Amino acid sequence: MSSYEGTLKHMVTRVAINGFGTIGKRVADAVDAQNDMKIVGVTKTRPSFGCDLAVSKGFPLYCTYDDQDKIDAFSESGYECKGGLSELLSNCDIIIDCSPGKVGAENFTKYKKAGVKSIFQGGEKHSLTGKSYTSSANHLENFGEESTRVVSCNTTGLSRTLVPLNDLLGSKGNISVNSVMIRRAADPGDSSKGPINAIKPVLKVPSHHGPDLMTVNQDIKITSLAVAVPTTIMHLHAITVELPAEHGLTTDKVLNLWRDTPRVIVMNGNKTNITSTAEVMELARDIGRKWGDLHEIFVWEDGVSLIDDTLYYFQAIHQESDVIPENIDAIRALMGIERDWKISVEKTDSAISAYYGII
Ligand code: NAD
């Protein structure tokens, strides 16, 4: 550890959130849970209902824009607005862009101009920053960088189970993966998306989800097909993995690997009666994180089977929350606070558990 890193370990990183929606409000809570970072402000585009949450949490509220009339609209609705994005940028070390996908490029220009480090979400392309991130795949590659993108919820899910598997195989060779992503139609809070009575294939083959994994791990060959189905609560992946010859693995060895992998839950569906995503989300609500979130990827033990050189499995992804702890580790990477991804993951997850009173 350099003396610079040693100093950083004792500093509290000032974090701003641009876009306090589904992902933004969750990242803000997760930052608030940590003792090496703090929220210095969150933005809303206008005085909509999310402002009440920011106020109740004590997060300083800023306007996404610098226009005076847009800033004034907050006080007209009874909210104290501390200013526009420029003022927030002058008061933070790093900004987490949680705006809707594809508006990041315009925001990125503002962050660079202000000299502030930035983290984007999976709705942006890898090419925006030229860097992408998941905790287990490439934490060190992002160490000290100016900006990165935490990959999407689906890609984060793929990374959680596939990267440790490929790492375990080491010199025996790399895996080759086909995944079918069965995607939720809309988040629970969305009323404008669908389908509500159809199964809708993504008519771009392969879909972008699988290949996006290669932005964080270039060794895994992967393709994917995607379909949207009328559910709001989770994505489900049906995954087929071709292992290299002489892999030496068994179904049990793979299950034990995932049981020891951070942010992966392995449970037997038939024994526990968790036979669908509905029961997985009920389990999540029992765990007790806010919003009923499930940061872990859920793997059905009895849905895993290794036959010859081919591994088959299902996993479920809570789309609104699996990327949340990843954002915290990404802050530690960019800020140069912690080199070891496993130490960061442990710190992130135990602080979040303590924050919500989870034993
Ligand atoms: P959201 O619509 O719930 O929230 C976006 C917020 O940003 C809203 O409060 C909106 O008012 C605000 N906003 C609008 N324009 C803005 C601008 N120009 N600058 C800053 N903020 C602006 O969206 P979300 O679901 O939280 O998604 C945010 C990002 O996270 C996207 O890139 C998305 O692809 C990604 N993501 C979403 C999910 C998910 O399931 N919701 C999962 C993983 C990643």
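Visitor: In this predicted model, buried means under 20% relative accessible area. Which residues of helix α10 are buried?

Guide: Helix α10 spans residues 251-259. By that cut-off of under 20%, its buried residues are V254, L255, L257 and W258.

Visitor: Within what arc do the buried residues of α10 fall, seen down its axis?

Guide: The buried residues of α10 line one face of the helix. What covers these residues includes α9 (153-169), β11 (264-267), β12 (297-300), β13 (305-307) and β14 (310-317). Seen down the axis of α10, the buried residues line one face because they fall within an arc of 155 degrees.

Visitor: Which strands stand at the edges of the open sheet of six strands?

Guide: The order of this sheet is β3-β2-β1-β4-β5-β6, with parallel pairing. An edge strand has a single partner, so one side of it is left without a neighbour in the sheet. The strands at the edges are β3 (61-63) and β6 (147-149).

Visitor: How are α2 and α14 oriented to each other?

Guide: The axes of helix α2 (residues 22-33) and helix α14 (residues 341-355) come within 8 Å and cross at roughly 95 degrees. Angles of 65 to 115 degrees count as roughly perpendicular. The two helices, α2 and α14, are therefore roughly perpendicular.

Visitor: Which residues of α14 make the contact with α2?

Guide: The residues of this contact divide into five nonpolar, no polar and two charged. From α2 come D29, A30, D32 and A33. From α14 come A351, I352 and Y355.

Methods:
Residues are numbered from 1 along each chain as its sequence is written. This is a predicted model: local features need pLDDT of at least 70, side-chain atom pairs count only at pLDDT 80 or more; totals for chains, interfaces and linings use all residues. Side-chain values use heavy atoms; hydrogens and water are left out. Axes are lines fitted to C-alpha atoms, for helices over the stretch in contact, and angles run from 0 to 180 degrees between N-to-C directions. Helices (H or I, at least four residues) and strands (E, at least two) are DSSP runs, numbered from the N terminus. Angles under 35 degrees count as roughly parallel, over 145 as roughly antiparallel, 65 to 115 as roughly perpendicular and the rest as oblique. Contact means heavy atoms within 4.5 Å. Ala, Val, Leu, Ile, Met, Phe, Trp, Tyr, Cys and Pro count as nonpolar, Asp, Glu, Lys and Arg as charged, and the others, Gly among them, as polar. Buried means under 20% relative accessible area, exposed over 50%, partly exposed in between (1.4 Å probe, protein chains only). The arc is that of the directions from the helix axis to the C-beta atoms. Two strands pair if DSSP finds at least two bridges between them.
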